[in-house]
Amino acid sequence: MVGPSRPQFVLFGSSIVQYSFSNGGWGAILTDIYARKADIIMRGYIGWNSRRAIQVLDKIFPKDASVQPSLIIVYFGGNDSIGPYPSGLGPHVPLPEYKENMRKIADHLKNLSENTHVIFLSCPPLNEEKLLQSTSTALSEIVRTNATCRLYSEACIQVCEEMNLKVIDLWTAFQERDDWADTCFTDGLHFSSEGSKIVVEQILKVLKEADWNPSLHWKFMPTEFAENSSYDLVAADGISTLNPSEWTFHREIQWD
């Protein structure tokens with residue numbers, strides 16, 4: 001444990017989470033935005049579906065932990081939506097089971113503590129053509145379509161609405177950009193920096209609008225060790241100092 005203790009934001013999901021610190025990913029962007037405010041913790045597992053997620057809930061999020069996360073952002077569904085194989089192998093999870101699994105995940109997480117908040121991400125669309133071109137020849141044919149992604153996105157949203165949980169409709173958010181198919185993915189599936197910016201924008205919007213007390217939006221969270229000091233940078237007058245704790249000019253995007 002490294003002190004001082006900060007609020008913990010946990011990213012929990014499949015490769016969309018595991019890769020979120022690569023290629024200007026949304027996890028890396030959030031880590032920069034919340035520097036000195038919250039610790040962003042990644043629990044991402046490439047290839048996982050909701051069935052595997054519920055098997056490890058107690059290990060990743062033990063109910064008796066002395067410190068519980070302030071925020072958990074969850075993504076599962078893309079792998080669940082992959083078409084089934086005759087052998088029964090593979091990540092496919094039928095839609096009714098997927099919905100039940102998401103309910104189990106939501107129920108477990110929201111009951112960790114009264115101060116733990118949860119946001120779900122729904123399935124985004126795909127660039128199907130690009131995905132086919134980038135799929136490894138070491139893999140059997142993967143049937144992954146926008147038609148099924150939409151169904152699993154809608155299912156995730158439905159579960160969250162039923163349980164009064166925050167959910168981000170990535171299916172719609174991505175397609176609000178005209179060139180989404182060409183700019184938002186590295187391989188037709190995983191997010192490019194442009195795709196990740198959409199995810200971050202949507203997460204910050206939810207956090208800003210949520211009536212949570214205390215707020216988990218970065219602008220309303222205290223900055224660690226932000227007091228003025230004689231060791232701060234010396235101002236142009238040569239006799240005063242400037243406290244740089246809240247400076248954000250280094251960011252290409254000034255996030256709201």
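Reply: The side chains of Ser122 and Ser153 make a polar contact at 2.8 Å (a pair of N or O atoms within 3.5 Å; within protein, one must be able to donate a hydrogen and the other to accept it, and residues adjacent in sequence count only if both atoms are side-chain atoms). This is a predicted model: local features need pLDDT of at least 70, side-chain atom pairs count only at pLDDT 80 or more, and totals for chains, interfaces and linings use all residues. Numbering runs from 1 along each chain as its sequence is written, and side-chain values use heavy atoms, with hydrogens and water left out.

Ser122 sits in the loop between β4 (117–121) and α6 (128–134). Helices (H or I, at least four residues) and strands (E, at least two) are DSSP runs, numbered from the N terminus. Ser122 counts as buried because its relative accessibility is 0%; the cut-off is under 20% relative accessible area, with a 1.4 Å probe and protein chains only.

What does Ser122 touch, not counting residues up to four places away in sequence? Tyr75, Ser153, Cys156, Ile157, Ile168, Asp169, Leu170 and Trp171. Contact here means heavy atoms within 4.5 Å.

Two of these neighbours lead further. Trp171 belongs to a core of five residues, with Leu126, Cys149 and Leu189 also among them. A nonpolar core is a set of buried Ala, Val, Leu, Ile, Met, Phe, Trp, Tyr and Cys residues joined through side-chain atoms within 4.5 Å. That core lies apart from the largest one, which has 65 residues.

Note on methods:
Buried < 20%, exposed > 50% of the residue type's maximum accessible area, 1.4 Å probe, protein only.
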